[in-house]
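Please keep the sequence and the structure in view while reading.

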Amino acid sequence: MKSKAIKIISILLALAMTLSLAACGGSGDDKTDTADKGGAVNSNSQGWNEIKAKLPADASGKSIEVFTWNDLSDVTGAPAVVENFTKETGIKVEWNKSGGTMADYFTKVVARVASNDAPDIVRLAGTNLGVLQVLQPLDSFDFDFKSADWDSRIMDIYTFGGKTYATNMRNTLLQQPRCLIYNKKLISKYDLEDPYTLWKNGQWTWAKFEEICEIYADEAGDNATAWTSYRWADAADVYGSALIKREGDKFVANTDDGNLLKGWQTMTTLVEKGITNNIRFDRNNFENGKVLFFTESPIGVRRTHYYFQSLKSTGSVAIVPLPTVEGGTDAVIWSEVEAYGIPEGAPNGNLSPYFLRYYLDGDNYDKKTFFADPTILDVYESLMKADKIFVNYDTELITEDVGIGGIHLNARLVNAKSVQIRTRIDENANIVKAAVDNANGMITKLD
């Protein structure tokens with residue numbers, strides 16, 4: 001086990017380099033480019049008291065370590081939930097935040113497992129194959145992860161060779177479907193149509209989004225930007241396409257896909273129009289009221305999360321799903337795919353499923369106060385009901401060890417002219433193929 005983990009540290013370092021450049025991690029899909037609610041057939045939901053009754057007799061007094069990159073207080077109400085779990089079970093919880101970047105965190109996960117110092121639970125943001133190599137398949141535990149409580153869509157994304165390595169709950173508030181966060185005060189100031197109202201009325205389309213952006217860009221002046229994108233690939237994602245897609249247990253290059261071309265041409269056209277720019281994830285200017293739309297997940301608008309605190313305090317933030325586009329995907333697009341796994345060698349890994357069942361359960365939180373605006377819960381719950389989800393693998397699989405990181409490759413594309421996109425994609429097709437070959441090689445090393 002130890003030698004196995006050491007062997008993949010160098011691979012993980014390369015994979016994690018792109019994550020250090022991205023404010024948020026990336027993703028995955030299922031048999032083609034979406035994941036649906038397939039997977040194992042779920043049995044009925046199980047109540048917490050029923051779950052708790054199955055705890056090992058010697059559980060009380062033991063401790064589990066949750067190793068992650070976020071403060072517990074970033075999740076509204078989480079400190080109380082963790083405290084209540086200890087009261088319910090007698091199991092102590094050590095919440096250990098990793099310092100440094102997200103890349104540092106994933107490297108530390110592998111290093112700790114390799115040195116026989118594994119935590120009991122780790123958080124994932126997507127199919128980082130290096131980390132999956134040091135996780136135990138969930139069927140290793142005497143715990144029912146196939147009940148209706150668990151999100152089979154998420155588990156499908158973390159499943160290879162019939163083995164699932166990470167999970168989340170279906171009713172959780174701790175998930176990250178992609179959305180547009182917007183500044184309500186700017187909408188009012190420039191007398192723009194409200195995106196949430198448009199969405200509720202079935203009128204939230206890409207054309208309407210562009211129209212609002214163009215009006216804002218024209219009226220707000222040179223120091224303002226209508227939209228800052230997530231990883232520049234937002235428009236391609238709306239079309240349901242990325243450079244890499246998943247087919248079964250393998251990844252394949254998707255560079256010839258017509259929707260990929262449409263999406264990137266759309267993205268570069270918006271740059272040419274001045275609607276967006278090549279500043280990715282421009283959180284500072286959104287916070288300062290110079291950006292109207294900010295692509296994120298609802299994580300940023302949780303009431304106690306450190307993002308956008310000044311905007312939250314003035315009631316200025318709301319969210320809306322990404323707009324629909326003719327010919328685009330009917331799947332809901334996700335940013336990170338938040339999930340949790342149990343490393344090999346976890347000292348109290350047998351207790352970890354019980355903590356996850358309690359911590360991730362949305363019913364253990366006050367939904368009315370969880371987000372910064374009442375409409376946000378409405379949008380979040382709508383997005384979470386989707387049968388099909390789409391997430392982009394590119395930034396996780398296209399890493400420096402194949403010549404360039406995924407974020408840098410996206411930058412090559414977004415900085416091209418729209419008429420150059422076909423050529424620019426073709427010029428980088430060899431990098432995509434190398435990334436696919438590398439990823440598929442790593443899959444064969446999974447247990």
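Two strands are said to pair if DSSP finds at least two bridges between them. Helices (H or I, at least four residues) and strands (E, at least two) are DSSP runs, numbered from the N terminus. By these terms, strand E6 (residues 179-183) and strand E10 (residues 291-296) pair in the antiparallel sense over 4 bridges. The model is predicted, so local features need pLDDT of at least 70 and side-chain atom pairs count only at pLDDT 80 or more, while totals for chains, interfaces and linings use all residues. Residues are numbered from 1 along each chain as its sequence is written, and side-chain values use heavy atoms, with hydrogens and water left out.

## The sheet around E6

E6 and E10 belong to an open sheet of 4 strands with mixed pairing, in the order E7-E10-E6-E11. Its edge strands, each pairing on one side only, are E7 (225-228) and E11 (317-321). Neighbouring strands are turned by 20° against each other on average, direction ignored; axes are lines fitted to C-alpha atoms, for helices over the stretch in contact, and angles run from 0 to 180 degrees between N-to-C directions. Helix H16 (residues 374-384) packs on this sheet and touches E6 and E11, its direction making about 20° with that of E11. Here contact means heavy atoms within 4.5 Å.

E6 also pairs with E11, in the antiparallel sense and over 5 bridges. In general, strands of a sheet pair through backbone hydrogen bonds, either parallel or antiparallel.

How many of the residues of E6 are buried? The count is 5 of its 5 residues, where buried means under 20% relative accessible area, exposed over 50%, and partly exposed in between (1.4 Å probe, protein chains only). Cys 179, Ile 181 and Asn 183 cover one side of E6, Leu 180 and Tyr 182 the other, and all are buried.

| Residue | Bridge partner | Strand of the partner |
|---|---|---|
| Tyr 182 | Phe 293 | E10 |
| Ile 181 | Phe 294 | E10 |
| Cys 179 | Pro 321 | E11 |
| Arg 123 | Tyr 340 | E13 |

## The sheet of E1, E2, E3 and E13

Another open sheet of 4 strands runs in the order E2-E1-E3-E13, again with mixed pairing. E2 (92-97) and E13 (339-341) are the edge strands, each of which pairs on one side only. Strand E3 (residues 121-124) pairs with E13 in the antiparallel sense over 3 bridges. Helix H4 (residues 102-114) lies across E1 (63-68), E2 and E3, and runs at about 140° to E1.

Trp 69 is placed in the loop between E1 and helix H3 (78-89). With a relative accessible area of 17%, Trp 69 is buried. Beyond its neighbours within four places in sequence, the contacts of Trp 69 include Met 102, Tyr 105, Phe 106 and Arg 123.

## Helix packing and the nonpolar core

Helix H11 (residues 258-273) packs against helix H18 (residues 406-414) at an angle of about 65°, and their axes are 9 Å apart. H11 is therefore roughly perpendicular to H18, since angles of 65 to 115 degrees count as such, those under 35 as roughly parallel, those over 145 as roughly antiparallel and the rest as oblique. The contact involves Trp 264, Met 267, Thr 268 and Val 271 of H11, together with Asn 410, Leu 413 and Val 414 of H18.

A nonpolar core is a set of buried Ala, Val, Leu, Ile, Met, Phe, Trp, Tyr and Cys residues joined through side-chain atoms within 4.5 Å. The largest such core has 150 residues, of which Phe 251, Trp 264, Phe 293, Phe 355 and Tyr 359 touch the most other members. Helix H20 (residues 429-443) supplies the largest share of this core, 7 residues. Leaving out residues up to four places away in sequence, Phe 251 touches, among others, Leu 129, Phe 160, Val 436 and Ile 443.

## Two residues with positive phi

Most residues other than glycine have a negative phi. Asn 116, although not a glycine, has a positive phi of about 60°. Asn 116 lies in the loop between H4 and E3 and is exposed, with a relative accessible area of 62%. Phe 281, also a residue other than glycine, has a positive phi near 55°. Phe 281 lies in the loop between H11 and helix H12 (283-287) and counts as buried at 8% relative accessibility.
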